[in-house]
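Me: I would like to go through this structure in short questions and answers. Please show it first.

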Amino acid sequence: MNPAEIDTPVLIIGGGVAGLSAAVELSRRGLASTVVEREAAPGGRAGEFCCKAVAACARCGACRLGDLLAEAAARPEITLHTAALVTSAEQKDGLWTVELSPQPAGDDAPGPGAPLGERCSLTTGAVILAVGGQVFDPAGKSRFAHGRVEGVHSALELEAMLAMGAIGPGAMAPAKVAFIQCVGSRDAAGGRPWCSRVCCGYALRMARVIRHRLPETEVTFFHMDVQDYGRAWEEELPSLKEDIRFVRAMPGEVTAGEQGPRVVFAGPEGAPVSEGFDLVILSVGIGPPNGAGSLHELFGAAPDQDGFLAEEGPDGLFVAGAAAGPRSLNESITHAGLAASRAAARVGALLEAARG
Amino acid sequence: MRLNDCDPGFKHQVAAEPGGEGIRVCFGCAACSARCPVGANRPEYDPRRIIRAALLGRREEVLASPLIWLCSSCYTCGEVCPQGVRFTDVLTAIKNIAARAGHAPPSARITAELLAKQGRLLEVTEFENDKRAELGLPPVEQRPHDFQSILGLEPPPEGGEGEGA
């Protein structure tokens, strides 16, 4: 291996929170990296999330993207190509050579980073796959009527509505809001047996934001189990249970009523009841990244049992963030730090070996 | 409820019956109850409550309950179950245990007698076979012997199971 062959010590695929965090962590260690983002702008999913603070910060991590983008732009060790797609990857003598192809970027792609100009090939000591997970498409659970009944939205759509101020005093003020948990998670029959880990947290936080903005609004939380975790929730759940109606019953369907969507669920006596709401929010889960199959093929990485990117892959290949399994923003940042640390050790060992 | 009244082995007995193994993976989300057409008409019929009672080992209460015989076998519960539990089949397992324990209601006995006599619940008459002939379908016969041998009412016929089924 000749170190002169290396174009960039570490190549990071994906410019979301995980990819940017890995790049910043490498930069702190004095290592240069190249981040490749498929879309015209970096940021990934985190850019669509709303701040969930009420009286105090809810530690949801949505604001950390802004800091990361600014930090990535300010660090000269980080090169960011947007609108770029990986078309091939080959490993030889311990080094990866990855070909990139430009994608249509639009006229005014926001920075940081610049659209990839032309096809190019980069040789690197380590690759970090940070392509994120795929949010479940609620059309896959047609009985919950997303796209069919007005007033039914995915939680991702609610994030945007709350971020834009579309719900609150002077805007939309629903009298009754329902959250339905585990849409595309804990669904062995649907081929998705895993818990997506973040949905109880984001749903309860957004429920609290709605109650904070609109104290008259009643919020119902339909769930199988509350699978939230962490220190804060043990303290906060009792007060949340006073503020929000917790119903431990997975609804069977959402139907169209005259006043809006209706949720059919096993009522307190066990028999099915139908209750009307103004808004029904489907708490969609996180699945394997879109195109995971082609990433497995390109890099020779094995999928894990659920189709996420397995963390044990060929030498010099690392995975960061939700591509390896459902993770919150904060967990993705931590996980990316681990991948960066491993990649740095790998590159250090390669250079050490080259020096003999 | 007293713990001493519970039989922790009951769920294993249900799981050991054909179709009963689904009881092992239920996590009680009540999607089944939400869609049950029987529950919509008989509020006391609640699939989640039945499976929960079985899991808790409330053996006598489950086996003696008249509710377990109300299932219409529409399988909607199985359609919506995230865990792939076929509650209809779990309930069949429970009903088989109940029947062996002498809890079968008169209607179940009448059903069994009809099957033993006719080989099917509805008697086949010329009317059915005329209709089938109009549709180009072969006639059906009453074949009570298959069921009689299944029910142990007479020895199986010579040369194997059934009558050339």
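Me: At what angle do helix α1 and helix α7 of chain A pack, and what is that called?
Reply: This is a predicted model, where local features need pLDDT of at least 70, side-chain atom pairs count only at pLDDT 80 or more, and totals for chains, interfaces and linings use all residues. Residues are numbered from 1 along each chain as written, and chains are lettered from A and ligands numbered from 1 in the order written. Helix α1 (residues 17–28) and helix α7 (residues 329–355) of chain A have axes 8 Å apart and pack at about 45 degrees (axes are lines fitted to C-alpha atoms over the stretch in contact, and angles run from 0 to 180 degrees between N-to-C directions). Angles under 35 degrees count as roughly parallel, over 145 as roughly antiparallel, 65 to 115 as roughly perpendicular and the rest as oblique, so α1(A) to α7(A) is oblique.

Me: How do the residues of the contact of α1(A) with α7(A) divide?
Reply: The contact (C-beta atoms, placed from the backbone, within 7 Å) includes A:V17 and A:E25 of α1(A) and A:L329 and A:H335 of α7(A). Ala, Val, Leu, Ile, Met, Phe, Trp, Tyr, Cys and Pro count as nonpolar, Asp, Glu, Lys and Arg as charged, and the others, Gly among them, as polar. The division is 11 nonpolar, 4 polar and 1 charged.

Me: How many helices and strands are there in chain A?
Reply: Both are DSSP runs: helices are H or I of at least four residues, strands E of at least two. Chain A has 7 helices and 18 strands.

Me: What does the C-alpha trace of chain A span along its principal axes?
Reply: The trace is described along the principal axes of the chain. Its spans are about 75 × 40 × 40 Å.

Notes: Contact = placed C-beta atoms within 7 Å.
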